[in-house]
Amino acid sequence: MADQNVPPRRPRDDRGWDGHQHHSADGYGDPNTPAPHGYDSHHPYQGGYAAQDDPREQYAGQPAPAPRGPQWVGPEGLGRPALARPAGTGLPTLDDDDESGRKVGRRKAMVALGGTAAVVAGGAALAMTPQFRGLFGDEAAAGDATGSTVTDGTAARPSGQQPSTVRTYTEQNESYMGSRAGEALKKNAPSGGRTFSGPAAAAAATQVTVKTVLAKDPILHLARRATFGVTPAVVADIKREGIDAWIRAQLDPDKLEPSKAELKLAELPTQKLSVQQLRDQRDKLNEQDAHPEREMVDATIARQIWSKRQLFEVMVDFWNDFLHVAADFDGGEVYRNSFDQDVVRKHALGSYPEMLVAANRHPALLIYLNQKDSRKDAINENLARENLELYSVGVDGGYKEPDVRQAAMLQTGRGVQDGKYVFRPEQHYVGKVKILGFTHANNSADPKKAEAAIDAYITYIATHPSTAKYVAQSLATRFVSDTPPKSLVDRLAKTYTTNKGMIKPVLMTLFCSSEFWAAVGQKVRRPMEYLAATYRTLGVSPEASPKHNNGDSKRTPYARGLRQIQDKLRELGQSPMGHPTPDGYPDVYVAWTSAGTMVNGWNEAGEILAGYRTTFTYTAPEKLVAKAPATAGAYVDALSLRLVGQKLTTREKNLILGVAGVPATAKVDATFNGAITAVARAILASPQHHLR
């Protein structure tokens, strides 16, 4: 039996790899400025993520840990110098209070407005967290310990690991939701439900009963959840085509024409190069300061903002968290773009079992998790463990430590040579294996037979009932709420199993479910989603502004602009494929409750509105509304409809008028008497823009 040949169990501290980071401050200050928080130039993965303890362990009766992203660091973030702008112009930052506090009203108004976003339909307000209270010098910070206890952080858990090494994509979401704020959010989540004949029928028959500031409009709800941000064009498309037809078109992205911005991706030269070309041209690219893995992230950002294939891009982002391979790792500059194209994008709306099989044959994953170094006489467990813990059944999916070790033995022989996947039969363990109910004789080192055995195992765990539940839970968390109803998760898992891991049927079940349509306002945008939605709603164009002066001959204005967005996202703590370890970013609100990140996002919205970054073309804020009303109150209503698709509440409207310093009845011109940028930014700080 394979059990008799299992090598001694090594602690995860032996599972070292060392990734590298590339950081240029392109467009965001001095290139010599240190990398943003969370992006060390040499991020050690040594010790199996020892630096990243389980949030539940930290939350067990202790103060909440520091949130993701930067804390309050001022309007430009992390001490970066402000961008040059004409004297006497620009929007005051939120950090402009003098010592006597005479201007604190603006900050309080903005925080009161944006803090409401934390009230996911009446849950725990972000304004009550220590981070937000710390923005004011006149109020004491209150503690925010959790109200739940750790129930499974023991040696008896299925994997036999210590809780500090348990951090699956789904489980870390659940860990954060164990906080006091998470418990409050759970009380407002929709419960129960049923499946209808089609999405439109489900939308028409579902009554939204949760408390929310969002308009209970199914078209807006669909646009918020199935795209990176509502635009007038998306709303018009859904109204013209109908909900069912629009979803069907989004599920068939190859038939949707590429956008102008996607065609301009040809301006990112490394994205056209094959793995072999990237290897051959490595020195030349280094001399040109070109980083293919960063250009891949730039391209991803462009697609999130401008692609017409929005649901596809949402699913690409989902899989990049679920089957996560960081962009910045030692080898990412050569292999990560191929992994994006040949694994994630190829299968994002197809078969997850096929995606996982392809991933396990791809050099990026084999290098990222050290599988290339695993051989029968020196077995590395990294990939075998993550295949079970992160990429399929989940840590509570029923596997035990011997399963991990036998899977690691079965997967020996796979490696990378000359930039390509190879199978080395002399390094493959031969012998019977039994893993989580999967049994195989594995009695041949013949490449075809040995690889077929490995693929059969990968397919087995990808179609396992625990994987069905794991994928269903993760999709429901992404599209429905931070605490998705069990009724929906069970139906999605059943569809996944019935269709052998095909994703489109699962998504159709989701969109045909009343739980999806009942969950208006139950998700908060993460930093990356907030910024993408801001670019989208403001109608930013990928062409350079006539005012742009391209002082960088190495990059086009478009390429420089995308890199500037990427650098800003890194400041905010979330960028595509930016998570350094294989668990991916959490997808629940309470993991992102950073006041500094939120304020930094608001200030970035102000930069976009003012059009300071001339690498793109911006709609002047006074032209966002075609025919500006003559009074301040009516103008706020019109601008709110344009930016967030609905009018604000009376309280929020009054807060925004307070930011401008005028009453609702005041006469204003198209520039809101010079305050239009401040007013528009305040609307983009509202919960209506933070919620999706």
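So, how many cavities of 30 Å³ or more does the structure hold? There are 12. By cavity I mean a set of points on a 1 Å grid, over the protein atoms alone, where a 1.4 Å probe fits but cannot get out.

Quick background. This is a predicted model, where local features need pLDDT of at least 70 and side-chain atom pairs count only at pLDDT 80 or more, while totals for chains, interfaces and linings use all residues. Residues are numbered from 1 along each chain as its sequence is written, and side-chain values use heavy atoms, with hydrogens and water left out.

Okay, the largest cavity. It has about 210 Å³ of space, a volume being the space filled by probe spheres set on the points, which are joined across faces, edges and corners. Its lining has 17 residues, and closest to the centre sit Arg-525, Arg-526, Pro-527, Trp-592 and Met-598. To count as lining, a residue needs an atom within 4 Å of a point. Helices here are DSSP runs (H or I, at least four residues), numbered from the N terminus.

Now look at α22 (residues 465–479) and α23 (residues 486–498). Their axes come within 8 Å and cross at roughly 125°. Axes are lines fitted to C-alpha atoms over the stretch in contact, with angles from 0 to 180 degrees between N-to-C directions. That makes α22 oblique to α23, oblique being what is left after under 35 (roughly parallel), over 145 (roughly antiparallel) and 65 to 115 degrees (roughly perpendicular).

Terms used. On a 1 Å grid over the protein atoms alone, a cavity is a set of points where a 1.4 Å probe fits but cannot get out, and a pocket is an open set with protein on both sides within 12 Å along at least five of seven lines; lining residues have an atom within 4 Å of a point. Helices (H or I, at least four residues) and strands (E, at least two) are DSSP runs, numbered from the N terminus.
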